[in-house]
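Let's walk through this one together, a question at a time. Have a look at the structure first.

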Amino acid sequence: MSLEEKINADIKSAMLSKEKRKLDALRAVKSAILLLKTNGSAAPISEEQEIACLQKLVKQRKESAQLFKEQNRMDLYEEESFQQSVIEAYLPEQMSEEEIKSALRQIIEQTGASSMKDMGKVMGAAQKAFAGRADNKLVSTMVKELLG
């Protein structure tokens, strides 16, 4: 079952069980996927593109929630946090920091990276290897730590 089919099925079940908050989050995901599909190319969207789209939505929700928390708007903060948790359920399981570090060490070894000048090579290989299972900001921080 594709992500879009899974979202549609979950939208139906959320409608039947009258879960308005979950329904809003799922509709946002469906909307983003439809926009991705109608970007002008006739090629079908890949799983990597779907994951990247979901990651973008999660990142937006995190940033909005943080902003609302700073502005003491707890009602909006809770709504954004809830939507973030609903969207994260469709992402692949995230890697732990230890798993990321050990994989990065292997990537650094394979690419022959030795200094910060090689960070681009390492990040490119890491993004392909982790494909939605790790936050790129965290990966970038760890690469700087390992190469620095």
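A residue counts as buried under 20% relative accessible area, exposed over 50%, and partly exposed in between. Keep in mind that this is a predicted model.

Q: Is Y77 buried, exposed or partly exposed?
A: The relative accessible area of Y77 is 23%. Buried would require a value under 20%, and exposed one over 50%. Y77 therefore counts as partly exposed.

Q: Where does Y77 sit, and which residues does Y77 touch, not counting those up to four places away in sequence?
A: Y77 belongs to helix α4, which covers residues 74-88. Leaving out residues up to four places away in sequence, its contacts are A65, F68 and K69.

Q: How far apart in space are Y77 and L36, C-alpha to C-alpha?
A: In sequence, 41 residues separate Y77 and L36. From C-alpha to C-alpha, the distance in space is 27 Å.

Q: Which ring does the charged end of R21 sit over?
A: To count, CZ of Arg must be within 6 Å of the ring centre. The charged end of R21 is 4.1 Å from the centre of its ring. That ring belongs to F82.

Q: How are helix α5 and helix α7 oriented as they pack?
A: Helix α5 (residues 97-111) packs with helix α7 (residues 136-147), their axes 10 Å apart. Among the residues making the contact are I100, L104 and I108 of α5 and L138, M142 and L146 of α7. The crossing of α5 past α7 is right-handed. The angle is about 55°, which makes α5 oblique to α7.

Note on methods: Residues numbered from 1 in each chain as written. Predicted model: local features only at pLDDT ≥ 70, side-chain atom pairs only at ≥ 80, totals over all residues. Heavy atoms only, no water. Lys NZ or Arg CZ within 6 Å of the ring centre and 35° of its normal. Helix = DSSP H or I, 4+ residues; strand = E, 2+ residues; numbered from the N terminus. Buried < 20%, exposed > 50% of the residue type's maximum accessible area, 1.4 Å probe, protein only. Contact = heavy atoms within 4.5 Å. Axes fitted to C-alpha atoms, helices over the stretch in contact; angles between N-to-C directions. Parallel < 35°, antiparallel > 145°, perpendicular 65-115°, else oblique. Left-handed = near helix turned anticlockwise from the far one by under 90°.
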